[in-house]
Amino acid sequence: MHGPQPAPTPAAAPAAVCRAAIRGLGVYVPPRVLTNDDLSRMVDTSDAWIVERTGIRTRHIASPDQAASDLGVAAARAALVDAGLEAGELDLIICATTTPDMLFPATACLIQDRLGARRAGAFDLLAACSSFVYGVIAAAQAIEAGVARHVMVVGAEVLSKLVDWTDRSLCVLVGDGAGAAVLGPAEGGGGVRAAVVGADGGAGDMLKLPGGGSRMPYSDEVLRQGLHYPRMDGRTLFRLAVRVVPDAIAEVVRRAEWSLDQVRWIVPHQANQRILEAVARQMGLPVERFVSTIEHYGNTSSASVPISLWEARGDGRIADGDRLVLAAFGGGFTWAACALTWGR
Ligand code: ACO
(Lines give C-alpha, C1' and ligand atoms only; values in the text may rest on other atoms or scores of the structure.)
Protein backbone atom coordinates (compact mmCIF):
# COMPACT_ATOMS: atom_id res chain seq x y z
CA MET A 1 0.00 0.00 0.00
CA HIS A 2 1.27 3.40 -0.97
CA GLY A 3 1.06 6.33 1.45
CA PRO A 4 -0.38 9.67 0.49
CA GLN A 5 1.31 11.12 -2.56
CA PRO A 6 2.92 14.54 -2.27
CA ALA A 7 1.02 17.27 -4.05
CA PRO A 8 2.47 17.80 -7.54
CA THR A 9 4.81 20.72 -7.78
CA PRO A 10 2.92 23.49 -9.55
CA ALA A 11 4.28 24.31 -13.00
CA ALA A 12 6.60 27.29 -12.85
CA ALA A 13 4.52 30.43 -13.31
CA PRO A 14 5.69 32.82 -16.00
CA ALA A 15 7.93 35.45 -14.50
CA ALA A 16 5.61 38.02 -12.97
CA VAL A 17 8.40 40.43 -12.13
CA CYS A 18 10.11 42.44 -14.84
CA ARG A 19 13.80 42.26 -14.22
CA ALA A 20 15.40 44.52 -16.81
CA ALA A 21 14.21 47.99 -17.72
CA ILE A 22 15.30 50.81 -20.01
CA ARG A 23 16.76 53.43 -17.68
CA GLY A 24 17.92 56.04 -20.16
CA LEU A 25 17.73 57.03 -23.83
CA GLY A 26 19.92 59.15 -26.08
CA VAL A 27 19.91 60.15 -29.72
CA TYR A 28 22.32 61.80 -32.09
CA VAL A 29 21.66 62.72 -35.71
CA PRO A 30 24.12 64.59 -37.91
CA PRO A 31 23.13 68.22 -38.54
CA ARG A 32 23.04 68.02 -42.35
CA VAL A 33 19.48 67.56 -43.63
CA LEU A 34 18.83 66.24 -47.15
CA THR A 35 15.37 66.98 -48.57
CA ASN A 36 13.49 65.16 -51.30
CA ASP A 37 14.01 68.17 -53.53
CA ASP A 38 17.76 67.88 -52.95
CA LEU A 39 17.52 64.23 -54.02
CA SER A 40 15.54 65.09 -57.13
CA ARG A 41 18.55 67.10 -58.27
CA MET A 42 20.80 64.04 -57.77
CA VAL A 43 18.70 61.19 -59.26
CA ASP A 44 15.57 60.82 -61.37
CA THR A 45 13.00 61.12 -58.56
CA SER A 46 10.58 63.65 -57.08
CA ASP A 47 9.28 64.83 -53.74
CA ALA A 48 5.81 63.60 -54.75
CA TRP A 49 7.03 60.04 -55.52
CA ILE A 50 9.06 59.72 -52.33
CA VAL A 51 6.31 61.09 -50.07
CA GLU A 52 3.57 59.02 -51.67
CA ARG A 53 5.54 55.74 -51.79
CA THR A 54 7.44 56.01 -48.50
CA GLY A 55 6.24 58.92 -46.31
CA ILE A 56 9.81 60.30 -46.15
CA ARG A 57 10.37 64.06 -46.50
CA THR A 58 13.84 64.61 -45.03
CA ARG A 59 16.75 62.59 -43.64
CA HIS A 60 19.99 63.44 -41.84
CA ILE A 61 23.28 62.66 -43.55
CA ALA A 62 26.65 62.20 -41.85
CA SER A 63 29.58 64.41 -42.78
CA PRO A 64 32.49 62.80 -44.65
CA ASP A 65 34.49 62.41 -41.44
CA GLN A 66 31.67 60.84 -39.38
CA ALA A 67 31.52 57.05 -39.01
CA ALA A 68 29.03 54.88 -37.10
CA SER A 69 31.02 55.05 -33.85
CA ASP A 70 31.01 58.87 -33.90
CA LEU A 71 27.23 58.92 -34.01
CA GLY A 72 27.03 56.05 -31.53
CA VAL A 73 29.28 57.70 -28.95
CA ALA A 74 27.20 60.88 -29.00
CA ALA A 75 23.95 58.93 -28.53
CA ALA A 76 25.50 56.76 -25.82
CA ARG A 77 26.77 59.77 -23.87
CA ALA A 78 23.29 61.30 -23.95
CA ALA A 79 21.77 58.00 -22.78
CA LEU A 80 24.20 57.82 -19.84
CA VAL A 81 23.24 61.34 -18.74
CA ASP A 82 19.56 60.43 -19.10
CA ALA A 83 20.08 57.31 -16.98
CA GLY A 84 22.15 59.17 -14.37
CA LEU A 85 25.00 56.72 -14.80
CA GLU A 86 28.74 57.01 -15.38
CA ALA A 87 30.43 55.13 -18.22
CA GLY A 88 32.40 53.18 -15.61
CA GLU A 89 29.17 51.63 -14.37
CA LEU A 90 28.51 49.87 -17.70
CA ASP A 91 29.18 46.13 -17.78
CA LEU A 92 28.39 45.54 -21.44
CA ILE A 93 28.07 47.55 -24.66
CA ILE A 94 26.19 46.09 -27.61
CA CYS A 95 26.45 48.03 -30.84
CA ALA A 96 23.63 47.24 -33.23
CA THR A 97 24.95 48.20 -36.64
CA THR A 98 24.97 47.19 -40.27
CA THR A 99 27.45 49.93 -41.13
CA PRO A 100 30.36 49.39 -38.70
CA ASP A 101 33.40 51.67 -38.87
CA MET A 102 35.33 48.67 -40.21
CA LEU A 103 35.01 44.88 -40.35
CA PHE A 104 36.92 44.65 -37.09
CA PRO A 105 37.51 45.63 -34.37
CA ALA A 106 33.86 45.85 -33.39
CA THR A 107 32.34 49.33 -33.39
CA ALA A 108 31.19 48.54 -29.83
CA CYS A 109 34.87 48.40 -28.79
CA LEU A 110 35.51 51.80 -30.38
CA ILE A 111 32.53 53.19 -28.47
CA GLN A 112 33.70 51.55 -25.25
CA ASP A 113 37.10 53.21 -25.57
CA ARG A 114 35.70 56.66 -26.36
CA LEU A 115 33.20 56.46 -23.49
CA GLY A 116 35.91 55.30 -21.09
CA ALA A 117 33.74 52.34 -20.09
CA ARG A 118 36.69 50.37 -18.77
CA ARG A 119 34.65 47.65 -17.05
CA ALA A 120 32.43 46.89 -20.02
CA GLY A 121 32.59 43.99 -22.44
CA ALA A 122 31.68 45.00 -25.97
CA PHE A 123 30.43 43.36 -29.13
CA ASP A 124 28.57 44.18 -32.33
CA LEU A 125 25.26 42.63 -33.24
CA LEU A 126 24.25 42.36 -36.88
CA ALA A 127 20.65 41.57 -37.70
CA ALA A 128 20.30 44.49 -40.16
CA CYS A 129 17.36 46.74 -39.27
CA SER A 130 16.26 44.33 -36.49
CA SER A 131 19.59 44.69 -34.67
CA PHE A 132 18.52 47.17 -32.00
CA VAL A 133 15.52 45.11 -30.89
CA TYR A 134 17.69 41.97 -30.89
CA GLY A 135 20.15 43.98 -28.78
CA VAL A 136 17.56 45.07 -26.22
CA ILE A 137 16.46 41.44 -25.87
CA ALA A 138 20.07 40.27 -25.46
CA ALA A 139 20.73 43.03 -22.91
CA ALA A 140 17.66 42.08 -20.87
CA GLN A 141 18.76 38.45 -20.89
CA ALA A 142 22.26 39.40 -19.72
CA ILE A 143 20.80 41.39 -16.83
CA GLU A 144 18.30 38.70 -15.89
CA ALA A 145 21.06 36.07 -15.98
CA GLY A 146 23.24 38.16 -13.68
CA VAL A 147 25.97 38.49 -16.31
CA ALA A 148 25.67 42.28 -16.33
CA ARG A 149 23.99 44.98 -14.29
CA HIS A 150 24.02 47.90 -16.73
CA VAL A 151 24.06 47.35 -20.49
CA MET A 152 24.27 49.98 -23.22
CA VAL A 153 22.59 49.12 -26.52
CA VAL A 154 23.54 51.51 -29.30
CA GLY A 155 21.93 51.47 -32.74
CA ALA A 156 24.32 53.45 -34.95
CA GLU A 157 24.06 53.61 -38.71
CA VAL A 158 25.57 55.57 -41.57
CA LEU A 159 23.85 53.93 -44.52
CA SER A 160 24.64 57.02 -46.58
CA LYS A 161 28.25 55.80 -46.72
CA LEU A 162 27.32 52.48 -48.31
CA VAL A 163 24.49 53.16 -50.75
CA ASP A 164 24.95 53.88 -54.42
CA TRP A 165 23.90 57.50 -54.77
CA THR A 166 22.99 56.88 -58.41
CA ASP A 167 20.50 54.09 -57.48
CA ARG A 168 17.22 55.90 -56.90
CA SER A 169 15.48 52.78 -55.62
CA LEU A 170 17.58 52.74 -52.45
CA CYS A 171 19.29 56.08 -51.89
CA VAL A 172 16.03 57.96 -51.34
CA LEU A 173 15.14 55.68 -48.42
CA VAL A 174 18.13 55.93 -46.13
CA GLY A 175 19.13 58.31 -43.37
CA ASP A 176 21.93 58.38 -40.80
CA GLY A 177 21.56 58.48 -37.04
CA ALA A 178 22.12 56.78 -33.73
CA GLY A 179 19.94 55.94 -30.76
CA ALA A 180 21.03 54.39 -27.49
CA ALA A 181 19.30 52.79 -24.53
CA VAL A 182 20.81 51.93 -21.16
CA LEU A 183 19.22 48.92 -19.52
CA GLY A 184 19.52 48.02 -15.87
CA PRO A 185 17.65 46.10 -13.20
CA ALA A 186 14.02 47.19 -12.92
CA GLU A 187 13.20 48.97 -9.69
CA GLY A 188 9.47 49.56 -10.09
CA GLY A 189 6.79 48.27 -12.40
CA GLY A 190 8.63 48.88 -15.68
CA GLY A 191 10.69 46.49 -17.71
CA VAL A 192 11.01 43.90 -20.42
CA ARG A 193 8.25 41.36 -20.27
CA ALA A 194 8.53 39.14 -23.34
CA ALA A 195 10.51 38.72 -26.55
CA VAL A 196 10.29 37.14 -29.97
CA VAL A 197 13.17 36.76 -32.41
CA GLY A 198 13.08 35.18 -35.84
CA ALA A 199 15.02 34.75 -39.04
CA ASP A 200 14.56 33.28 -42.49
CA GLY A 201 18.04 33.02 -43.93
CA GLY A 202 16.57 31.60 -47.14
CA ALA A 203 15.21 35.06 -47.92
CA GLY A 204 18.60 36.71 -47.45
CA ASP A 205 19.02 37.63 -51.10
CA MET A 206 16.26 40.25 -50.81
CA LEU A 207 18.60 42.71 -49.16
CA LYS A 208 22.32 42.20 -49.16
CA LEU A 209 25.71 43.73 -49.69
CA PRO A 210 27.63 40.95 -51.42
CA GLY A 211 31.12 42.45 -51.74
CA GLY A 212 33.78 43.18 -49.16
CA GLY A 213 33.36 40.06 -47.03
CA SER A 214 35.25 36.77 -47.05
CA ARG A 215 33.08 35.36 -49.87
CA MET A 216 33.88 38.19 -52.25
CA PRO A 217 36.75 40.30 -50.95
CA TYR A 218 37.21 43.67 -52.57
CA SER A 219 38.76 43.50 -56.00
CA ASP A 220 38.63 45.56 -59.16
CA GLU A 221 35.98 43.13 -60.42
CA VAL A 222 33.79 43.57 -57.32
CA LEU A 223 34.00 47.32 -57.71
CA ARG A 224 33.40 47.15 -61.46
CA GLN A 225 30.20 45.14 -60.93
CA GLY A 226 29.05 47.43 -58.12
CA LEU A 227 28.96 44.52 -55.66
CA HIS A 228 30.18 46.82 -52.91
CA TYR A 229 26.73 48.44 -52.88
CA PRO A 230 23.66 47.09 -51.08
CA ARG A 231 20.95 45.71 -53.35
CA MET A 232 17.33 45.25 -52.44
CA ASP A 233 14.19 43.65 -53.78
CA GLY A 234 11.91 46.29 -52.26
CA ARG A 235 8.58 44.79 -53.32
CA THR A 236 9.28 41.34 -51.88
CA LEU A 237 10.67 42.85 -48.68
CA PHE A 238 7.54 44.96 -48.36
CA ARG A 239 5.29 41.89 -48.66
CA LEU A 240 7.37 39.81 -46.26
CA ALA A 241 7.42 42.59 -43.66
CA VAL A 242 3.65 42.92 -43.79
CA ARG A 243 3.30 39.17 -43.31
CA VAL A 244 5.83 38.68 -40.52
CA VAL A 245 5.56 41.81 -38.35
CA PRO A 246 1.87 41.41 -37.35
CA ASP A 247 2.54 37.81 -36.30
CA ALA A 248 5.60 38.82 -34.26
CA ILE A 249 3.65 41.56 -32.48
CA ALA A 250 0.70 39.26 -31.76
CA GLU A 251 3.05 36.54 -30.46
CA VAL A 252 5.02 38.82 -28.14
CA VAL A 253 1.78 40.23 -26.73
CA ARG A 254 0.56 36.68 -26.11
CA ARG A 255 3.85 35.76 -24.39
CA ALA A 256 3.56 38.87 -22.21
CA GLU A 257 0.07 37.71 -21.23
CA TRP A 258 -1.37 41.01 -22.43
CA SER A 259 -4.07 41.74 -24.92
CA LEU A 260 -3.46 43.98 -27.93
CA ASP A 261 -5.90 46.50 -26.45
CA GLN A 262 -3.57 46.95 -23.49
CA VAL A 263 -0.65 47.96 -25.70
CA ARG A 264 -0.51 51.74 -25.77
CA TRP A 265 2.23 52.14 -28.40
CA ILE A 266 3.88 50.00 -31.00
CA VAL A 267 7.33 51.36 -31.78
CA PRO A 268 8.23 49.83 -35.14
CA HIS A 269 11.24 49.92 -37.41
CA GLN A 270 10.75 52.80 -39.82
CA ALA A 271 11.19 51.48 -43.34
CA ASN A 272 8.13 52.83 -45.09
CA GLN A 273 4.98 54.57 -43.84
CA ARG A 274 2.94 52.30 -46.14
CA ILE A 275 4.36 49.24 -44.35
CA LEU A 276 3.20 50.69 -41.00
CA GLU A 277 -0.24 51.36 -42.45
CA ALA A 278 -0.50 47.86 -43.93
CA VAL A 279 0.62 46.22 -40.66
CA ALA A 280 -1.89 48.31 -38.68
CA ARG A 281 -4.67 47.44 -41.12
CA GLN A 282 -3.86 43.76 -40.94
CA MET A 283 -3.93 43.84 -37.15
CA GLY A 284 -7.13 45.87 -36.99
CA LEU A 285 -5.33 48.63 -35.08
CA PRO A 286 -5.45 52.37 -35.74
CA VAL A 287 -2.19 53.41 -37.39
CA GLU A 288 -1.98 56.21 -34.79
CA ARG A 289 -0.92 53.56 -32.25
CA PHE A 290 2.26 53.04 -34.30
CA VAL A 291 4.93 55.63 -33.55
CA SER A 292 6.05 57.04 -36.89
CA THR A 293 9.14 59.18 -37.36
CA ILE A 294 10.03 58.19 -40.90
CA GLU A 295 8.97 61.58 -42.28
CA HIS A 296 11.96 63.35 -40.70
CA TYR A 297 14.61 60.63 -40.50
CA GLY A 298 14.06 58.18 -43.37
CA ASN A 299 15.16 54.60 -42.80
CA THR A 300 17.97 54.72 -40.23
CA SER A 301 18.09 50.91 -39.94
CA SER A 302 19.12 49.90 -36.39
CA ALA A 303 18.74 53.45 -35.15
CA SER A 304 15.09 53.84 -36.13
CA VAL A 305 13.49 52.16 -33.11
CA PRO A 306 15.51 54.03 -30.43
CA ILE A 307 15.08 57.33 -32.29
CA SER A 308 11.31 56.72 -32.37
CA LEU A 309 11.23 55.76 -28.68
CA TRP A 310 13.16 58.89 -27.81
CA GLU A 311 10.89 61.12 -29.92
CA ALA A 312 7.70 59.65 -28.47
CA ARG A 313 8.95 59.89 -24.90
CA GLY A 314 10.18 63.43 -25.54
CA ASP A 315 6.85 64.71 -26.79
CA GLY A 316 4.96 63.05 -23.96
CA ARG A 317 3.32 60.26 -25.93
CA ILE A 318 5.10 57.54 -23.98
CA ALA A 319 4.64 57.80 -20.22
CA ASP A 320 5.52 55.61 -17.23
CA GLY A 321 3.31 52.57 -17.03
CA ASP A 322 2.57 52.44 -20.76
CA ARG A 323 2.79 49.02 -22.34
CA LEU A 324 4.89 49.09 -25.51
CA VAL A 325 5.92 46.70 -28.22
CA LEU A 326 9.18 47.35 -30.08
CA ALA A 327 9.03 45.58 -33.44
CA ALA A 328 11.52 45.40 -36.28
CA PHE A 329 12.35 43.53 -39.45
CA GLY A 330 15.29 43.71 -41.79
CA GLY A 331 17.82 42.04 -44.01
CA GLY A 332 18.71 38.50 -43.18
CA PHE A 333 15.66 38.19 -43.32
CA THR A 334 15.27 38.91 -39.61
CA TRP A 335 12.57 40.11 -37.27
CA ALA A 336 12.20 40.77 -33.54
CA ALA A 337 9.60 42.05 -31.10
CA CYS A 338 9.93 43.01 -27.47
CA ALA A 339 7.08 43.76 -25.05
CA LEU A 340 7.94 46.11 -22.22
CA THR A 341 6.31 48.36 -19.70
CA TRP A 342 7.78 51.85 -19.78
CA GLY A 343 9.42 53.05 -16.58
CA ARG A 344 12.30 51.99 -14.43
N1 ACO B 1 11.75 57.82 -57.65
C2 ACO B 1 10.91 57.67 -58.68
N3 ACO B 1 10.55 56.49 -59.17
C4 ACO B 1 11.08 55.40 -58.59
C5 ACO B 1 11.97 55.47 -57.51
C6 ACO B 1 12.32 56.75 -57.05
N7 ACO B 1 13.16 56.94 -56.03
N8 ACO B 1 12.32 54.23 -57.14
C9 ACO B 1 11.67 53.40 -57.94
N10 ACO B 1 10.92 54.09 -58.83
C11 ACO B 1 10.04 53.59 -59.88
C12 ACO B 1 10.37 52.20 -60.30
O13 ACO B 1 11.39 52.19 -61.30
C14 ACO B 1 9.05 51.71 -60.85
O15 ACO B 1 8.91 52.20 -62.14
P16 ACO B 1 8.17 51.29 -63.26
O17 ACO B 1 6.78 51.10 -62.77
O18 ACO B 1 8.29 52.13 -64.48
O19 ACO B 1 8.97 50.04 -63.32
C20 ACO B 1 8.03 52.42 -59.98
O21 ACO B 1 8.73 53.51 -59.37
C22 ACO B 1 7.45 51.53 -58.89
O23 ACO B 1 8.52 50.85 -58.27
P24 ACO B 1 8.26 49.83 -57.09
O25 ACO B 1 9.56 49.25 -56.68
O26 ACO B 1 7.16 48.90 -57.47
O27 ACO B 1 7.71 50.83 -55.99
P28 ACO B 1 7.09 50.47 -54.62
O29 ACO B 1 5.77 51.07 -54.52
O30 ACO B 1 7.26 49.01 -54.27
O31 ACO B 1 8.05 51.27 -53.65
C32 ACO B 1 9.88 50.89 -52.14
C33 ACO B 1 9.42 50.97 -53.60
C34 ACO B 1 9.69 52.25 -51.52
C35 ACO B 1 11.34 50.50 -52.10
C36 ACO B 1 9.02 49.84 -51.40
O37 ACO B 1 8.97 48.65 -52.13
C38 ACO B 1 9.54 49.55 -50.02
O39 ACO B 1 9.53 50.39 -49.15
N40 ACO B 1 9.95 48.30 -49.78
C41 ACO B 1 10.45 47.91 -48.49
C42 ACO B 1 11.84 48.44 -48.33
C43 ACO B 1 12.37 48.07 -46.97
O44 ACO B 1 11.66 47.74 -46.07
N45 ACO B 1 13.67 48.11 -46.82
C46 ACO B 1 14.19 47.75 -45.55
C47 ACO B 1 15.53 47.97 -45.43
S48 ACO B 1 16.22 49.18 -46.46
C49 ACO B 1 17.77 49.34 -45.91
O50 ACO B 1 18.06 48.90 -44.87
C51 ACO B 1 18.73 50.03 -46.71
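The side chains of Asp44 and Arg168 meet in a salt bridge, with 3.6 Å from N to O. A salt bridge here is a side-chain nitrogen of Lys or Arg within 4 Å of a carboxyl oxygen of Asp or Glu. The model is predicted, so local features need pLDDT of at least 70 and side-chain atom pairs count only at pLDDT 80 or more, while totals for chains, interfaces and linings use all residues. Residues are numbered from 1 along each chain as its sequence is written, and side-chain values use heavy atoms, with hydrogens and water left out.

**Salt bridges**

- A search of the whole structure finds 16 salt bridges.
- Helices (H or I, at least four residues) and strands (E, at least two) are DSSP runs, numbered from the N terminus.
- Asp44 counts as exposed because its relative accessibility is 61%, and Arg168 counts as partly exposed at 48%.
- Buried means under 20% relative accessible area, exposed over 50%, and partly exposed in between (1.4 Å probe, protein chains only).
- Asp113 and Arg118 also meet through their side chains in a salt bridge, at 3.9 Å from N to O.
- In that pair, Asp113 is partly exposed at 48% relative accessibility, whereas Arg118 is exposed at 61%.
- Lys208 forms a salt bridge with Asp205, and their closest N and O atoms are 2.8 Å apart.
- Lys208 counts as partly exposed at 34% relative accessibility, and Asp205 is exposed, with a relative accessible area of 58%.

**Strand β1 and its partner**

- Strand β1 (residues 20-28) is largely enclosed by the rest of the structure, because eight of its nine residues are buried.
- Eight bridges join β1 to strand β7 (residues 177-185), and the two run antiparallel.
- Two strands pair if DSSP finds at least two bridges between them.
- Gly24 stands opposite Val182 in β7.
- In a regular strand the side chains alternate between the two faces of the sheet.

**Ser308**

- Ser308 lies in helix α11 (residues 304-314).
- Ser308 counts as buried because its relative accessibility is 0%.
- Leaving out residues up to four places away in sequence, Ser308 touches Val267, Pro268, Gln270, Val291 and Thr293, where contact means heavy atoms within 4.5 Å.
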